[in-house]
Amino acid sequence: MVNDATQLLGLEGLAVVAVEHDGAGGPVVHLVTADERARCCPEVSPTSLIRV
């Protein structure tokens, strides 16, 4: 997932999925691991669905 916000972030391995305003004038940036395989359990391989 490469989009303009991800390119501006410039952190390898992370992708921006959403940006919101926090009500105090600052951004809240929602990130995910860019490599979907990194979100899988190495033993049983299900993809993680937990978002914090």
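Strands E1 and E2 run antiparallel and are joined by 7 bridges, where two strands are taken to pair if DSSP finds at least two bridges between them. The structure is a predicted model, in which local features need pLDDT of at least 70 and side-chain atom pairs count only at pLDDT 80 or more, while totals for chains, interfaces and linings use all residues. Residues are numbered from 1 along each chain as its sequence is written, and side-chain values use heavy atoms, with hydrogens and water left out.

The secondary structure of the protein amounts to 1 helix and 2 strands, arranged along the sequence in the pattern α-β-β; helices (H or I, at least four residues) and strands (E, at least two) are DSSP runs, numbered from the N terminus. Of the 52 residues of the protein, 10% are classed as buried, a term that denotes under 20% relative accessible area, with exposed denoting over 50% and partly exposed the range in between (1.4 Å probe, protein chains only). The protein exposes about 4500 Å², of which carbon and sulfur atoms supply 56%; accessible areas come from the Shrake-Rupley method with a 1.4 Å probe, and for residues only the protein chains shown count as cover. Among the contacts with a separation of 6 or more, residues 24 or more positions apart account for 0%, contact being defined as heavy atoms within 4.5 Å.

Within the pairing of the strands, Ala 15 has Val 32 in E2 as its bridge partner, and Ala 18 is bridged to His 30 of E2. The hairpin formed by E1 and E2 has 5 residues between the strands, and in this hairpin Gly 23 adopts a positive phi near 90°.

The C-alpha atoms of Glu 20 and His 30 are separated by 8.3 Å, and the residues themselves by 10 positions along the chain.

A nonpolar surface patch of about 380 Å² is contributed by Leu 9, Leu 11, Val 19, Val 29 and Leu 31. Of these residues, Leu 31 is located in strand E2 (residues 27-33) and is partly exposed, with a relative accessible area of 38%.

In the segment after E2 lies Ala 38, which counts as exposed at 53% relative accessibility. The C-alpha atoms of Ala 38 and Gly 13 are 9.4 Å apart in space, with the two residues 25 apart in sequence.

Terms used:
Patch = residues over 30% accessible without salt bridge, like charges linked within 9 Å, V, L, I, M, F, W, Y side chains within 5 Å. Salt bridge = Lys/Arg side-chain N within 4 Å of Asp/Glu carboxyl O.
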